[in-house]
Amino acid sequence: MRLTPSRLPRGDAEDTKGAEPGAGARAKAATRGNADTRAKTLAHVDSDALPHAEPRADSDARPYAEAHAKAAPRPDSAPPLPAARTAVPAPGVTDVAPASRGFLAKATLITAVLTAAGAVLGLARDQALARLFGAGSETDAFLVAWTIPEFASTLLIEDGLAFALVPAFSLALARRAQGVPGDPVRALVGSTLPRLSLAFVAVSALIAGTAPYLVEALAPGLPDPALAVDCTRLTAVCVLGFGLAGYCSAALRAHRRFLAPAAIYVAYNVGIITAMFVLGGQWGVRSAAVGVAVGGALMVVVQLPSFVRELRRKASAVEEPAAGDSERAVTGALVATVLLFALCRQSQTLIERFLASTLDAGAISHLNYAQKVAQIPMTLSMMLCTVTFPVVARALADGDVERARNRVERDLALATCVLLLGASVVIACAPQIVELLFQRGAFTARDTAATADVMRVYALGLLGQTLTGVLVRSYFSAARPSWYPVVAMATGIVATSWIGAWTVGPWGVLGIAAANASGITVTAVVLLAGMGPRSVPIRVRRVLGELSKPVRAAVIATVAGTFVAEQVPAAVPGLAAAGTTAVAVFVLLAWALDAQGVVPALRSVRTLTRRLTHGRTR
């Protein structure tokens, strides 16, 4: 399935009906003229097509490109964003059209459905792991090895490589639209993919060879290090699979192709679940490690046809090489900054497992199950950002800083509302959720109680996780190296380490979870404080004022949901009653407070429902 963004949203076309006389003629005349005028008009339509951009205050009236040019960069800051420029499509060149509201809705729907399917299969994977192997020393050994795919997915698929490649492909597509000789997209692939593939193979071999030392460093108190070493060597293969999958995902998303990239975690979890049930009786928990390697390969397989099809598209009749700027788009400094940021972010897991390895058996497992469930609201809240990140990158590639800023502010509002709605349900219904998902087989009621307590503490850091995920995209969307996000994330990691070392003794796993929540919140605050010339220039005070509205709604919704959950302790009825209460209270309060992210979301749901109903009745 290919999603092709429309040139003009249906709503904008309908709004011209009933306009003053002559408005239609003026609109037609505005679309004629030179190529620069047409490009600017499209950029304006694209900006207005997105939900409810509020007008700027008078203090924000000066052009943002001029403001960035005049701003004096700090010593550690990246150069200011480029001045505005207009992309003029060459004759015969097929380019990615500006994203309309309808296109973004369709892309988000596809991403949501497949992300939800991947999340459900991820829960089924964790349920199978808990049922087959429980929450003891054997599972702890696998989860230490699980650190490798967790790091690889963050570095190569979700955060790291995507931050470098999506803007680079967006820049190549913008240059293709300008009629640059040759095909900048193919030039970019030819200059980066072979070298990155060799690097992926080398890292896989290095991890496999140093597995005993890695296990000792990650979990020095592990009772069965030999099993963890075997699992680590098996999971090391996933670095190659994840690297290639992340490369294909970045390229396809920049081309506005979201179906195949959204399906990768469905394929990944299918591979793990199948391997555990087929090989679990003979190989034990090592079967899950085999499944990780198989799942990584399936991630590449589901995207390869779409990736090859995009590369075969003919961009220009001129076959002169155009590799110079494409090679410079992915510089060593850019790759270093994005990978270091992702590495620092994922190192929170290292700190958790290092501290938990000294506690009783099962501590690492409780942390893992709690984190996987608690992060589901964050995963859902970031779906829109996955779709709009290429939009922001392309806007900056075209020099349209204002459109990028408006998009980031909307993403912050909507992602925060989705996150806080889910977090209120998670905190209120934690015991019922864990019992319903995991309490069977080797997973006991004691494990349920411990995991639910940890999950509630983890959920307190979800807002910081989401803000960090949205804000860091604005730092890297211009395809420029920026060390500020690395410094921000390192500051959060230092806070996590100090707080964890101080609290693990008296509070155990709850102290570790509290340290995680505190550290990522510190990172989000530092990223917000640094918004300006080095990133997309959002209006921080206005954004914080908007975010306070869903936060207040979430606090009251959590209290109401928790009260109901305590009255109905049974898993299914308690989850239904408390979850419904929390959702209803949050939506009503957010609506009453006029939270910016709630109204567009409800409108999108209503519009989507109307379109689906219309499609069925046609």
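Student: To start, how many helices and how many strands are there in the protein? And then, which residues make the nonpolar surface patch?

Tutor: Quick caveat before the details: this is a predicted model, where local features need pLDDT of at least 70, side-chain atom pairs count only at pLDDT 80 or more, and totals for chains, interfaces and linings use all residues. Numbering runs from 1 along each chain as its sequence is written, and side-chain values use heavy atoms, with hydrogens and water left out.

The protein has 29 helices and 0 strands; these are DSSP runs, H or I of at least four residues for helices and E of at least two for strands, numbered from the N terminus. Of its 618 residues, 55% are buried (under 20% relative accessible area; exposed is over 50%, partly exposed in between, 1.4 Å probe, protein chains only). The accessible surface is about 25400 Å², and carbon and sulfur atoms hold 65% of that (Shrake-Rupley, 1.4 Å probe).

Now your spot. V294, L298 and V301 make a nonpolar surface patch of about 220 Å². To join a patch like this, residues need over 30% relative accessible area and no salt bridge (a Lys or Arg side-chain nitrogen within 4 Å of an Asp or Glu carboxyl oxygen), and nonpolar side chains are joined within 5 Å, like charges within 9 Å. V301 sits in helix α15, residues 286-311, and counts as exposed because its relative accessibility is 54%.

For contrast, C417 counts as buried because its relative accessibility is 5%, and C429 is buried too, at 0%.
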